Amino acid sequence: MAKKRPQTKAKRPQLTDGQIPVVGAREPCPCGSGRRYKACHGRAAAQAVTELVHRPFEGLPGECDWVALRELVPAATVELTLKSGLPEGVPSVTLATVLPMAWPALRRDDGSVLLGLQNDTPSGDLSRDLADTLQRALTAEPGTPVQARRAPADGSRLQDLLDPEGAFEPVVHDGFEFWVPDPENASPDVAASLERANAAAIPTVKLTGVDSAYWCETPEKNHLRWVMPHAEEQLLDALARLHAAGRSSLGEGTRLVGSFRAHGLTVPVWDLPSEVRADDVEKPAAEFAERLAAALATDAPLTADERRARGGLTNRQVTLS
């Protein structure tokens, strides 16, 4: 019998890491290794997707307000400035806390872009997911929403797309009418989503005298939630010093009750009597900011009372993200 000729596999061109597209986990890796994607280049991609970035907005103008709009504020918008300027046919790019139907982004009929912030994201890097959505929205057909997807592991981040010198000035709204130019003529789906969103929105006001502090109204009491940029351990020490000295309140009937931890920043929270409105805490908040600055500048060891106060604040800390 004639001998069978040995079979050889044709060599496939080798791609660099930056050229390898994302495919299904069980599909052959596009690099030509012969292994499944999940066992080859997909391993690094999966790790990049699941690795948590604790401060996704670090380095952006208004980092504290990014956190507030992501976690605390129901209805707000911010005009964004791109590093490369607005593409042709895109008159504006606006960040919004929430969009109708929970869309990640929307390209309006006039070409303007709305980018939703309070959406579930598939990776551990919120900045990369939002940047991917924004880039797709800029080229989407006018009048269409942008759907969620897994962003490339080596994709751009918001820090790559947004102007670091651009202003970040949130505008807080009473409701979500900013979704559509003409709410009365909105489609039935959008109108129903708008009605549900407005019914669930908690009245919120951004203070003007201090940065990133938001008053909100709830049925039983009101609150002040203040996103602060300071390192967590240093901030908790300073709050403990003030709390132990009886200087952590914002006036009669108010009380520092704990804090949130969100996207790498700490958010102290005060309970306020229901009759205390946003205007009423403007001056007390500014005075507290001065006391806090002095406490942050102190590096003396905590006293026994201050350590107890710190323990109480730490025990009442809730992690949002």
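The model is predicted, so local features need pLDDT of at least 70 and side-chain atom pairs count only at pLDDT 80 or more, while totals for chains, interfaces and linings use all residues. Residues are numbered from 1 along each chain as its sequence is written, and side-chain values use heavy atoms, with hydrogens and water left out.

Start with the largest nonpolar core, which has 40 residues. A nonpolar core here is a set of buried Ala, Val, Leu, Ile, Met, Phe, Trp, Tyr and Cys residues joined through side-chain atoms within 4.5 Å. Buried means under 20% relative accessible area, exposed over 50%, and partly exposed in between (1.4 Å probe, protein chains only). Phe57, Trp66 and Leu134 have the most contacts inside this core. The elements that give it two or more residues include α2 (63-71), β1 (76-79), α3 (126-139) and β11. Helices (H or I, at least four residues) and strands (E, at least two) are DSSP runs, numbered from the N terminus. Helix α3 gives the most, with 6 residues. Beyond its neighbours within four places in sequence, Leu134 touches Leu82, Val93, Val113, Leu115, Leu161 and Leu162 (contact: heavy atoms within 4.5 Å). A second, separate core has 24 residues, among them Met228, Leu242, Val276 and Ala285. In soluble globular proteins, nonpolar side chains tend to be buried together.

Next, the aromatic rings. The structure holds 7 aromatic pairs. Rings of Phe, Tyr and Trp (its six-membered ring) pair if their centres lie within 6.5 Å; planes under 30 degrees apart count as stacked, over 60 as edge-to-face and the rest as tilted. Trp226 and Phe288 have ring centres 5.9 Å apart and planes at 55°, so this pair is tilted. Trp226 sits in strand β9 (residues 222-226) and Phe288 in helix α7 (residues 278-296), so the pair ties together parts 62 residues apart in sequence. Trp226 is buried at 6% relative accessibility. Phe288 is buried too, at 0%. Phe288 also pairs with Trp270, edge-to-face, at 5.1 Å centre to centre and 80° between the planes. Trp270 lies in strand β11 (residues 265-272), so this pair ties together parts 18 residues apart in sequence. Elsewhere, ring pairs link Phe57, Trp66 and Phe168 into a cluster.

Now the charges. There are 13 salt bridges in the whole structure. Each is a side-chain nitrogen of Lys or Arg within 4 Å of a carboxyl oxygen of Asp or Glu. Arg149 and Asp132 meet at 2.7 Å, N to O. Arg149 is in the loop between β5 (144-146) and α4, and Asp132 is in helix α3, so the bridge ties together parts 17 residues apart in sequence. Asp132 is buried at 6% relative accessibility, whereas Arg149 is partly exposed at 41%. Arg310 bridges to Asp237, with the closest N and O atoms 2.5 Å apart. This pair links helix α8 (residues 304-315) to helix α6 (residues 232-244), across 73 residues. Arg310 counts as buried at 17%, and Asp237 as partly exposed at 24%. Salt bridges that share partners join Arg55, Glu58 and Glu63 into one network.

Last, helix α5. Its buried residues are Val190, Ser193, Leu194 and Ala197. They cover an arc of only 105° around the axis, which puts them on the same side of α5. The arc is that of the directions from the helix axis to the C-beta atoms. On the other side, Pro188, Glu195, Arg196 and Ala199 are exposed.
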